[in-house]
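Visitor: I would like to learn how to read a model feature by feature. Can we go through one together?

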Amino acid sequence: MSSRTWRVAIGSIFAESSHFLTTRIDRSYFENTYIYVRDDLFKLAGTDCEIAGALTICKSKNAEVVPLVAARSVSGGPVTDECYAELKQLLLTPLQQAMPVDGVILPLHGAMTTLSDDDPEGDLIHAVREIVGQSVPIIVTLDLHAHVTQKMVENADAIIGFTHYPHDDTFTTGQRSANLLFKILRGEARPVTVMAKVPVICSGINGMTFGDAPMAHLTQQARELEKQPDILSVSIFHVQPSIDIPGMGSGGLVIANGDIEVAEHEARKLAEDYWARRQDFEPEIIPVAEAIQRGRAIESGPVLLVDTADCVGGGAAGDSIALLERLLDLGVTEPTFLMVIDPEAAVSCSKAGIGQKISLELGYKIDPSWGKSIKVEGIVRHLFDGKFRYRGGIYGGTIGDMGLSAVFQVGAIQILIMSRPTYDWLDEQFRAAGLDARDAKFIGVKNPMNYNFAYRDVAKAAFVVDTPGPTPPTLRNMPFKRLNRPFFPVDSDIPDLQPAILKSSVRS
Ligand SMILES: [Zn+2]
């Protein structure tokens, strides 16, 4: 075994795009989370992200880490070309200057698009490959909701996805990537990859990897496969369903040690099983009125109203007031918490001051394609700077910043008005606003999954409600234009369906 010091370059550009949005991810989106250039990347040590996990393994192997850039954004529309070009240079320039390196780790999302490229991550991995050459291993980590492409599979030596949804395993994903890298560097692994996909385009709402969910079964099979000596890593990908591009699909990615036929055989089996379970991915969706009625029949609370169509974590603007409108129409008198992003309304609350009664135009100012603002009268109950620290997940340990925020009370409804989108992990946003979930009968949550963790100990029930927005609980009615047909759930039965196969090229 060599006693030399390995040099490992680490760089990350992490964003998730949606094509059902009018927003564009520019530099400000990344700045709102973080852009750590070169040595500043080490600020992520001690957090829960992939880089933090990879750093611990590199340290334990006494490897020298070459920090490139770490940039993370909340989800949005496509990334602007200028923004992507700038971040790409921030990643590539330090790599060029640091050459030679022994290996590269790239934590990416896998469902980023730009205005002119459907596959910027494939482009980025390819650009890194051009710099480091064929013999230097590149390990890529991806979100479980990645859109895996041929270009990614061809240019990476290994792709490792998150194994959990909710994503509480980002740190260990980073560790796994570094462990595999060192295994390759020691000559103990020769990865060959096959991804097999089937056209299952479903929201994440039944995509949890625990319990009896379809993803839990698939994930379990992946862990079993990894016990085989000839299998290095297995990832299951449930594609982010709001990108409208060809080649989309969900399935299994298998990395075998040297034998591509083994990888293909197992990947095909996973994709076929995915297809067999497709019906289980479609959730029960009910009108808000029915959710309130069923919620009222449950003693005490909170009862969650899952308004996933406006999920910031999936790229929505977070400015929907559809649920508020329905609750006002229904005359809900029980204590209720809702949230909305509306910077203008936050400023109006701030100008008025705590305790003041004012009237506000609320909602649909960022993405007006899903509804119109409404006028509401209420009382400003709380004002704050919107900062909080994440207690786990992708952003665990880092600071979230909702910008100027207010709690505005309309009847029995407390509305958290925020200036900026932040990813929902637990109930950090409500908590930062001084709103305790146990005090509410109804809580509007704007995510398809993490509420399962956030309110696990307190929620009495959760109902997926039928509200409009770009991240709905079913993709059945979305205006896809470029997505290949047939696909599930629009085409529910496709005779003789064959998985699409993506294969790595064999490197010498
Ligand atoms: Zn995800």
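Guide: Start with charge. The protein chain has 48 positive and 63 negative side chains, and the centres of the two sets lie 3 Å apart. Lys and Arg count as positive, Asp and Glu as negative; His and the chain ends are not counted. Each charge is placed at NZ of Lys, CZ of Arg, CG of Asp or CD of Glu.

Visitor: What ground rules apply here?

Guide: This is a predicted model: local features need pLDDT of at least 70, side-chain atom pairs count only at pLDDT 80 or more, and totals for chains, interfaces and linings use all residues. Residues are numbered from 1 along each chain as its sequence is written, and side-chain values use heavy atoms, with hydrogens and water left out.

Visitor: How many helices and strands does the protein chain have?

Guide: There are 13 helices and 20 strands. Both are DSSP runs numbered from the N terminus: helices are H or I with at least four residues, strands are E with at least two.

Visitor: What does the radius of gyration say about the protein chain?

Guide: Compare it with a rule: 2.2 Å times the number of residues to the power 0.38, with the radius taken over C-alpha atoms. For 508 residues a compact globule would have a value near 23 Å, and the protein chain has 23 Å, so the two agree. The C-alpha trace spans about 70 × 55 × 40 Å along its principal axes.

Visitor: And burial?

Guide: Buried means under 20% relative accessible area, exposed over 50%, and partly exposed in between (1.4 Å probe, protein chains only). Buried residues make up 63% of the 508.

Visitor: Which residues touch the most other members of the largest nonpolar core?

Guide: Such a core is a set of buried Ala, Val, Leu, Ile, Met, Phe, Trp, Tyr and Cys residues joined through side-chain atoms within 4.5 Å. The largest has 137 residues, and Val148 and Ile159 touch the most other members. Helix H3 (residues 81–98) gives the most to this core, with seven residues. A second, separate core of 34 residues includes Ile286, Val288, Leu305 and Leu323.

Visitor: What does Ile159 touch?

Guide: Contact means heavy atoms within 4.5 Å. Not counting residues up to four places away in sequence, the partners of Ile159 include Val140, Leu142, Val148, Phe237 and Ile255.

Visitor: How should I read backbone exceptions?

Guide: Most residues other than glycine have a negative phi, and most peptide bonds are trans. Here a cis peptide bond joins Met99 and Pro100, with omega about 5°. Pro100 is in the loop between H3 and strand S4 (103–107). Another cis bond joins Phe488 and Pro489, with omega about 15°. Pro489 lies in the loop between S19 and strand S20 (500–503).

Visitor: Is Asn62, with its positive phi, buried or exposed?

Guide: Asn62 counts as exposed, because its relative accessibility is 60%. Its phi is about 55°. Asn62 sits in the loop between helix H2 (50–60) and strand S3 (64–72).

Visitor: Where is Ser300?

Guide: Ser300 lies in the loop between helix H9 (288–296) and strand S10 (303–306). Its phi is positive too, about 55°. Ser300 is partly exposed, at 41% relative accessible area.

Visitor: What is Lys460 in contact with?

Guide: Neighbours within four places in sequence aside, Lys460 contacts Ile298, Glu299, Ser300, Gly301 and Pro302. Lys460 is in the loop between helix H13 (451–454) and strand S19 (461–464). With a relative accessible area of 45%, Lys460 is partly exposed.
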